[in-house]
Amino acid sequence: MTFKQILIIIFLILIVLISKTQGQEPSSTKKQDFPFYLSYNNHSWAFPFNSIFRLNPQYPGLTTGIEINYRVRSKSKLFQTFELGGFLNQASGNALYFNSNLAFRYSFVPAIHFDIGLGLGAFNSYRINDIYRLTESGNYISIKDRGVSALSNNLFLSLGYNLSTAFNKELTLYVRYQWIASGAYWDLTTIRPSGLLHIGIRTSLRKN
Amino acid sequence: MRFYFKAFIVISILLCVTSSCQKEEYQTQLNGVCFLNSFDNPKHDSYQEILDEFSESGIVGLSVVLDKKGEESWFGTSGFSSVEENIEMNNCNIFQTASLAKSFIAVITLQLIEEGSLNITDDISQYLPQEILNLLPLFEGITIKNLLQQTSGLQDIFDLNFISDFMNDPSKIYSREELLGYVSKKELLNAPGEKHHYADTNYILLSLIIDRVEGDHIKAMDNRIIKPLNLDKTFYHSSSYPDFEELPQSYWDQYNSGEIENISMLQKRVSSYIMGSDGIIASPQNMVTFFKSVFEDDLLSDFSKEMILNEFVIEEEAFRMNNSYSHGFMVIESSDETWIGHAGNQLGTSCYVFYNLETEDCIGVFTNIGTFFFQEKQALIFSELWENLKLLIQ
């Protein structure tokens, strides 16, 4: 299955899920509760849905973000994420990224929900070795690595379990597979592919 | 909501802004005197000017041999063998030569055919153990000739699946069997013999066939080519391989940003396990000697040479230097001349040696920068520099 086909399927799923929520009870009128999330992730240089569960070697990273709700219904939610993250990869290079995703959450049963999101962002890659640049005089100079910035596309799929009842606090445990395609890379692949497997928690910034 | 949108835009712009800062500038200094120099050659200055022009265009270091029939060979270098230590490239440097190994393996295979140990039309299943054949999607109908001409239809091992595994764990050392595992589930691109498709898989299989027939293809390389031709600066998985003092540091520009990184360790690791299709470390002079010997000396019988020189298959991939492929040799054919040799391109190295069948001139180019991932950089070495050197040697 090509990446294009995968994207089309994800879009179709998103449309079907959104349309399914049309018959549900009206949007909640409660104020934004600004869900905040933090996850540990393992990075792989991988194409979408390849090596999803690759955990060896470990290339650790952290991602944090907030969610802005656009429409909240009893079983579903349309929201936007704003997230900042990074990973350390001593094989293919480190990176910092900032993404914003339009996402949809659907609860199959009260405690379990599924998220799907698509978005854009900025991806800054850092090398693991010293770098040098050729000068006009024909010599090479050592330069500080400020990273290589590129626009990125990303998608994610999550499965979450709501622990609010057990902890008497808004708290969700989730696993997320995220794939980021950043530009400014090889002609061979045209993108730098990053697969991230997250395990994280989500809570609310607002007090109950 | 507008506030969040504005904040998102501002942070995105901040992240996108990059700049580099100058830390230290090294001064150029000479790295001793090498026993080879061509300062006496009347065309030295014009040759050197071209090399300097290309090293200043971003080829970190390069070493060139221009061997014109009836004249003394010209050896020239430009750029750096180590940008960290500011050491200039010199004529004593030896290089990773990537796919040039295919021509060596082809010569050994053709010698074995001449001796009757192999039959060029035999199926490879006659020479490979079942555990190797099980790794291939199909082996019936694939002959020795198909492997030599790369018309087996087998796909390349070094595809995106391999690159993905390699990028995640570059420390992993692969056996040839593990490498062949990357093609096991890939259908043949065409029926055997139908079409040429460049793939290292063919030459890794040939190295396994030589192992089966001759005992050890590494020893066969030594006994059949390196020793008879006195290639004293050619190494293939022997002695202190791949750690040699004369080996320059190797580099790549991972993001095509004009900023290079040293990837010597990575390259040495890769060349330590790719066999048959890659892995020879040699001096430019030795490589030119080998390619000239194939066509001018008795390394091969006239029958084998005729086969190499006449039985071409079309190379359809436009980004390659050659437009045809023979038995382990790339062929660049134009209306007025035919060059035959091989090119190589791997992490931290880009090189080629071509021999002109009409004039018997030979050109060898060796660099310590890998251009495999970028067409623009490939064009610089494999097209622009090549065209310039062809004009110079005329």
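1. Let's start inside chain B: Ser103(B) sits in helix 3 of chain B (helices are DSSP runs of H or I of at least four residues, strands runs of E of at least two, numbered from the N terminus). Please keep in mind that this is a predicted model, where local features need pLDDT of at least 70, side-chain atom pairs count only at pLDDT 80 or more, and totals for chains, interfaces and linings use all residues. Residues are numbered from 1 along each chain as its sequence is written, chains are lettered from A in the order in which they are written, and side-chain values use heavy atoms, leaving out hydrogens and water.

2. Ser103(B) counts as buried because its relative accessibility is 0% (buried means under 20% relative accessible area, with a 1.4 Å probe and protein chains only). Leaving aside residues up to four places away in sequence, Ser103(B) touches Phe290(B), Phe291(B), Gly328(B), Phe329(B), Gly341(B) and His342(B) (contact means heavy atoms within 4.5 Å).

3. Helix 3 of chain B is mostly covered, with 13 of its 14 residues buried. Just after this helix, Gly116(B) has a positive phi of about 85 degrees.

4. Now to the partner chain: 48 residues of chain A are in contact with 49 residues of chain B. Together the two chains bury about 4,400 Å², 60% of it on carbon and sulfur atoms (buried area is the accessible area, 1.4 Å probe, that two parts lose on being put together, summed over both).

5. Between chain A and chain B there are 2 salt bridges (a side-chain nitrogen of Lys or Arg within 4 Å of a carboxyl oxygen of Asp or Glu). Arg133(A) and Glu259(B) meet in a salt bridge through their side chains, at 3.2 Å from N to O.

Technical notes. Buried means under 20% relative accessible area, exposed over 50%, partly exposed in between (1.4 Å probe, protein chains only).
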